[in-house]
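Biologist: I am new to this structure, and I would like to learn how to read its strands and sheets.

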Amino acid sequence: MYFLTVSDEVLPVIYSLNIKHRFSDVECVLGCGDLPYYYLEYIVTMLSVPCFYIHGNHDAAEYTAHGEMLQYPRGCDSLEGRSVNHQGVLLAGLGGSIRYNDRSGAQYTERQMLMRAWRLVPRLIVNRWMYGRYLDIFLTHAPPLDIHNGPDRPHRGFKVFLDFMDRFKPRYLIHGHIHRSYRFSDTVETQYNQTTVINTAGYRRLWVEPRQQHGVVSPSSNKTK
Ligand SMILES: [Zn+2]
């Protein structure tokens, strides 16, 4: 199944009428935060596919052209602190960045993020019991500690995400927050044990093979790449 993963930057390649043609093979959208809600709404409206998202530290309410306040992107499903089986691909998400100032928004201390991860555990255990694995894609905004992260406090990664990968072995950890323009590093994909860590700042088209559930192959796994 092809996923379109997006975060941090509004790009003309996506925010255009060509999106339908360019991403006609995409079956699901994953938003990793720090994007205006109208952008996610535009993508799901144009592609007519499901979208799961988590919050970035800069996410905030915004107003439509009609003066309506948007607190979340309409037509999209929040994956914050949840796990979902989407057509044979197990998703879970924890948004936000490391806390670096006193402003409100999705900022967490290492300990607060640890507690959020712990609250996910019962659902991951249910996944393991039902599907034989904890999860396939772990969606975050901030990166793991020392993988793609920056040298300054706001762009530091979470250590708990390393422990999470050690314990629950997702196939992918997809994050944002580290804009390519920061030039911390040109590396956007790193293998960490069994997990491929991807910085999706901007966008990425990603193929993920759906897996068996209860011994039955998910229908979408028969599709060619
Ligand atoms: Zn961010």
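Modeller: We will go through some strands and their neighbours in turn. This is a predicted model, in which local features need pLDDT of at least 70 and side-chain atom pairs count only at pLDDT 80 or more, while totals for chains, interfaces and linings use all residues. Residues are numbered from 1 along each chain as its sequence is written.

Biologist: Which residues of strand β12 are on one side, and which are on the other?

Modeller: In a regular strand the side chains alternate between the two faces of the sheet. In strand β12 (residues 172–175), Tyr172 and Ile174 lie on one side and Leu173 and His175 on the other, and all are buried, where buried means that 20 or more other C-beta atoms lie within 10 Å of a residue's own, with C-beta atoms placed from the backbone. Strands here are DSSP runs of E of at least two residues, and helices are runs of H or I of at least four, numbered from the N terminus.

Biologist: Which strands does β12 run parallel to?

Modeller: Two strands pair if DSSP finds at least two bridges between them. Strand β11 (residues 137–140) is joined to β12 by three bridges, with isoleucine 137 opposite tyrosine 172, whereas four bridges link β12 to the parallel strand β14 (residues 195–199), where valine 197 faces leucine 173.

Biologist: Why is one side of β6 and of β15 left without a neighbour in the sheet?

Modeller: The open sheet of five strands has the order β6-β3-β2-β1-β15, with mixed pairing. Because β6 (77–78) and β15 (202–207) stand at the edges, each has a single partner strand.

Note on methods: Buried ≥ 20, exposed ≤ 12 C-beta atoms within 10 Å, placed from the backbone.
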